[in-house]
Amino acid sequence: MKPYLPYLLSSFLILSTTSVQAATELRSSLSIDSENGEGERILTTEDDVLPGETSARTYTYTMVGDEQANSSKYLSLDWLHSELLIPPSALTIDIDGEPIKSVALTKKSSQGNVKVPLQNKHLTKGTHEVTVRFTGIIEGRMCDTGNTSGSWLTVRPSSFVAAGNKAELSLKDYPNPFTQTTSQKLTVVLPSSPSAASIEAGLLLYRQLKGDAADSDNVSLQYEQQLKSLDGRYVFVGQTDSFTGPVKNFIQELNELPTGDEILLEQVRLVNNGTSTEAMFVLAENADAFEGTLDHLLLVPQRQQLNGERLTLTSAPVMQKNDNIVDLRALGASDLMLSGSQAVSPNYFYPLPVIDKQSQVKLDLRFKASENLVPEQEGGLPPELIALINGVPHSIPLTDTEEDHSEWQQHTIQVDASTLQKSSFLDVSFEANGLRSEAPCNASDLDRWIFISSESQVTLPTNNGQANNEVFSNMASLFATDSGVLFVIPDDMSEQSLQNMASVMNGLPVTPLTGQVEFVRSSQVTEEMVTNRSVFFIGNPEQSPLFNEQKKDWIVTTDNQIDLSQYGFVPETSSEYAWIQPSPWNDEKAMIVVSTQHSIDSTLIETLAFPNETFSVAVKNQNGAIFTNSSSIANELSNNQATSNDESSTSIDSTWYFVGFIVLIVFIIAILFYMRRNKKTP
């Protein structure tokens with residue numbers, strides 16, 4: 001493995017590339033159940049409520065190439081709204097910031113649909129925005145406050161954009177269109193008997209694509225032997241000679257195959273009886289070539305440099321060490337504009353190193369505010385800007401109107417380390433109160449705003465290479481060490497084992513790169529592999545000779561037998577369990593075991609990755625409920641504290657006893673000296 005730290009950008013790319021003018025068409029012996037043609041992009045997967053007097057919501061859709069406007073290209077918006085609405089309540093649709101359509105809302109229109117034809121400028125390659133703006137006035141309250149629960153509009157999940165998808169595919173569009181999964185499935189396919197290195201590549205790619213997908217439920221991981229027909233889009237990952245079924249036939253039709261340390265990326269169109277679907281090959285002659293090189297598909301800046309329909313990669317991204325000062329861009333935020341209609345920002349996340357009581361964390365905020373923030377009427381309350389850091393609000397003072405609002409304002413928030421100690425991620429969001437006009441009939445309908453710069457910075461503790469290894473409080477710290485994590489996976493090739501590995505990878509609190517993880521089968525793991533790395537075991541550890549040797553030291557065993565009852569669990573109803581402890585081979589590292597005889601529930605992995613309490617053992621019972629040993633951990637900490645206090649008290653008492661003894665000795669010596677002196681006196 002090549003050790004380097006995560007969450008980093010690369011600076012250079014050495015590529016060799018071969019482009020073609022059109023995607024290669026490959027004959028498919030498998031029937032194609034769905035054809036990727038005039039695709040529909042769903043705006044939302046659930047009812048999206050716009051509340052109050054004024055609200056807005058922005059959705060996006062992506063074009064992989066330019067399209068021409070026609071009757072089949074349109075936006076369809078379905079809604080429900082309060083029956084209390086009266087004129088001038090309205091719904092307005094903007095596309096790319098331009099108002100396109102307004103619809104009057106009344107009692108008679110409490111549910112409805114509007115179709116908006118798309119123009120050529122709405123169909124150009126790239127990402128486009130659809131903004132739904134709602135103004136709701138309710139009966140009897142026209143000139144009173146509009147902030148009432150009786151005013152609302154709901155955008156239905158049946159709303160969609162029909163924008164077509166016939167452009168020639170190119171790697172520069174990756175991961176689009178593969179992540180457009182609202183109406184098309186995406187399947188990542190491994191060979192039926194993959195090497196551990198191929199499994200690693202497939203799992204890392206699957207985890208990344210599932211996170212990017214519009215609908216993650218439509219992304220799956222399969223073996224080649226499971227392919228009976230083609231439905232949706234496909235990504236084939238593995239060694240060229242390890243595919244033995246229908247994928248082998250596809251590979252044989254490719255013009256050139258990778259050799260040596262190369263990996264091949266090629267987008268193709270699979271065709272059968274006039275129907276077609278898109279696919280992508282990620283192939284290597286030697287699976288070890290995926291190490292490092294695959295990161296070009298995992299890092300966003302590297303994806304943006306891909307081009308053509310076919311690309312041969314021979315290098316790994318150049319990694320740089322992580323800095324403890326990051327700006328909001330590193331958290332995924334752009335410049336933020338908070339206004340009356342959009343007063344709350346999304347949540348932005350960043351993996352945390354190990355946090356202790358002495359850790360210093362601060363947010364240096366850089367922002368501007370409109371000149372009319374303070375209400376003109378006497379006694380009015382000014383708006384408030386709040387930064388929420390891991391759920392804890394921090395109020396940010398806004399300057400008086402006399403000051404120059406053209407200048408940037410600065411404010412530093414010192415974050416209490418206790419806010420972050422039990423967290424895997426830094427969670428930052430912003431909220432502005434009082435920007436919205438609450439009196440629609442007043443002439444002074446001011447447009448108040450606060451603009452937050454993406455150059456605002458967060459200062460985190462410098463990573464000291466430590467990882468939490470006693471409780472599930474910050475699993476992300478395991479991946480922040482130079483040595484990374486060794487994943488020990490089952491020997492069997494069953495579909496259930498593959499899904500278990502997929503569930504674990506999908507639930508991790510970080511998206512790791514190839515240098516941060518190594519996969520090895522249970523029967524092939526050696527003591528040398530586990531000595532200097534944290535270990536993540538998936539499956540039954542009693543079936544691994546190396547792990548079973550340490551069974552007496554597992555925190556879940558008593559008399560060398562698994563004993564969950566010692567933590568208050570009922571073994572007869574426990575279907576799967578997990579624990580964390582210092583590694584038996586290196587007590588500075590962690591050993592995590594997720595053990596099951598059947599399937600691994602995603603809820604269990606989510607509990608481990610994002611804990612809301614302190615625990616070292618978690619159990620899922622047959623009813624689907626998750627239980628932890630948090631109460632025993634709390635009692636242990638309480639007892640340790642009491643013992644510490646007793647020892648401290650004993651230490652103090654011993655000190656005073658010692659001092660008293662010395663004083664007594666000095667006193668006796670003084671008396672003896674005095675008596676001797678009096679004897680000598682005549």
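Phe661 sits in helix H10, which covers residues 630-680, where a helix is a DSSP run of H or I with at least four residues, a strand is a run of E with at least two, and both are numbered from the N terminus. Before I go on, this is a predicted model, in which local features need pLDDT of at least 70 and side-chain atom pairs count only at pLDDT 80 or more, while totals for chains, interfaces and linings use all residues. Residues are numbered from 1 along each chain as its sequence is written, and side-chain values use heavy atoms, with hydrogens and water left out.

Phe661 is partly exposed, at a relative accessible area of 48%, given that buried means under 20%, exposed over 50%, and partly exposed in between, with a 1.4 Å probe and protein chains only. Together with Ile662, Ile665, Val666 and Ile669, Phe661 makes a nonpolar surface patch of about 450 Å²; such patches take residues with over 30% relative accessible area and no salt bridge, and join nonpolar side chains within 5 Å and like charges within 9 Å. A salt bridge here is a Lys or Arg side-chain nitrogen within 4 Å of a carboxyl oxygen of Asp or Glu.

Now to Thr277, which belongs to strand S17, residues 275-284. Thr277 counts as buried because its relative accessibility is 0%, and its side chain reaches the backbone oxygen of Gly232 at 2.4 Å.

As for the whole chain, the secondary structure comes to 10 helices and 37 strands, and 51% of the 682 residues count as buried. The chain exposes about 32,000 Å², of which carbon and sulfur atoms supply 48%.

Notes. Accessible areas come from the Shrake-Rupley method with a 1.4 Å probe; for residues, only the protein chains shown count as cover. A polar contact is a pair of N or O atoms within 3.5 Å; within protein, one must be able to donate a hydrogen and the other to accept it, and residues adjacent in sequence count only if both atoms are side-chain atoms.
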